[in-house]
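Here's a walk through one model, a few residues and a helix pair at a time. Have the sequence and the 3D view open as you read.

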Amino acid sequence: MKALIPNSLPRPFGAYSHGVESGGLITTSGQLALAADGAIPEGVQAQAELCFDHIAAILAEAGADFSHVLRFSAFVTRREDMAAYMAVRDARVAHLPVLPASTLMIVSGFTRPEFLVEVEALARLP
């Protein structure tokens, strides 16, 4: 197994890797919208953009990109935020010939109340 911890991302909150490459697969931990300087953007759209930026960086560590993603799993804290999240996701994959599978769940919250969305990915190695 190989840990994927891009220098451009904040360090993990605890004893885990942002991503792991193993057995031809890449799996990411759930990515929250925490900027390198510790800032948390306001609004689901801005947070989702940062979550996908983090996932792109993790995939790049393994030589992959969004075309290698098999599945996204996402979590939002409010039903009314589903459309904003999906607009960001859809824009990131619109150019792909095969769209990844996707799951979206509504949850009661995250580690800090400012976080509104979390996204994780499962991808294959190129």
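Pro12 sits in the loop between strands S1 and S2; helices (H or I, at least four residues) and strands (E, at least two) are DSSP runs, numbered from the N terminus. This is a predicted model, where local features need pLDDT of at least 70, side-chain atom pairs count only at pLDDT 80 or more, and totals for chains, interfaces and linings use all residues. Residues are numbered from 1 along each chain as its sequence is written, and side-chain values use heavy atoms, with hydrogens and water left out.

Is Pro12 buried or exposed? Its relative accessibility is 15%, so Pro12 counts as buried (buried means under 20% relative accessible area, exposed over 50%, partly exposed in between, with a 1.4 Å probe and protein chains only). Leaving aside neighbours within four places in sequence, Pro12 is in contact with Ile5 and His18, where contact means heavy atoms within 4.5 Å. Gln31 is 19 residues along the chain from Pro12, and their C-alpha atoms are separated by 9.7 Å.

Now for strand S1, which holds Lys2 and also Ala3. Lys2 counts as partly exposed because its relative accessibility is 41%. Ala3, at 46%, counts as partly exposed too. Setting aside neighbours within four places in sequence, Lys2 is in contact with Gly19, Val20, Glu21 and Glu61, while Ala3 is in contact with Ser17 and Gly19.

Here are some C-alpha separations from this part of the model:

| Pair | Apart in sequence | C-alpha to C-alpha |
|---|---|---|
| Lys2 and Val20 | 18 residues | 5.6 Å |
| Pro12 and Gln31 | 19 residues | 9.7 Å |
| Ala3 and Pro100 | 97 residues | 23 Å |

Over in strand S4 you'll find Ser73. Ser73 has a relative accessible area of 8%, so it is buried. Its side chain joins that of Arg71 through a polar contact of 3.4 Å. A polar contact is a pair of N or O atoms within 3.5 Å; within protein, one must be able to donate a hydrogen and the other to accept it, and residues adjacent in sequence count only if both atoms are side-chain atoms. Beyond its neighbours within four places in sequence, Ser73 is in contact with Thr103, Glu118, Val119 and Glu120.

On to helix H1, residues 44-61. At 1.5 Å a residue, the 18 residues of H1 should span 26 Å, and its end C-alpha atoms are 26 Å apart, which agrees; the expected span is 1.5 Å times one less than the number of residues. The buried residues of H1 include Ala48, Phe52, Ile55 and Leu59. Among the elements covering H1's buried residues are strand S1 (2-4), strand S4 (69-76) and H2. Just after H1, Gly63 takes a positive phi of about 80°.

How do H1 and H2 meet, and at what angle do their axes cross? The axes of H1 (residues 44-61) and H2 (residues 82-93) come within 8 Å and cross at roughly 35°. (Axes are lines fitted to C-alpha atoms, for helices over the stretch in contact, and angles run from 0 to 180 degrees between N-to-C directions.) Val44, Gln45, Ala48, Glu49, Phe52 and Asp53 of H1 make the contact with Ala84, Tyr85, Val88, Arg89 and Arg92 of H2.
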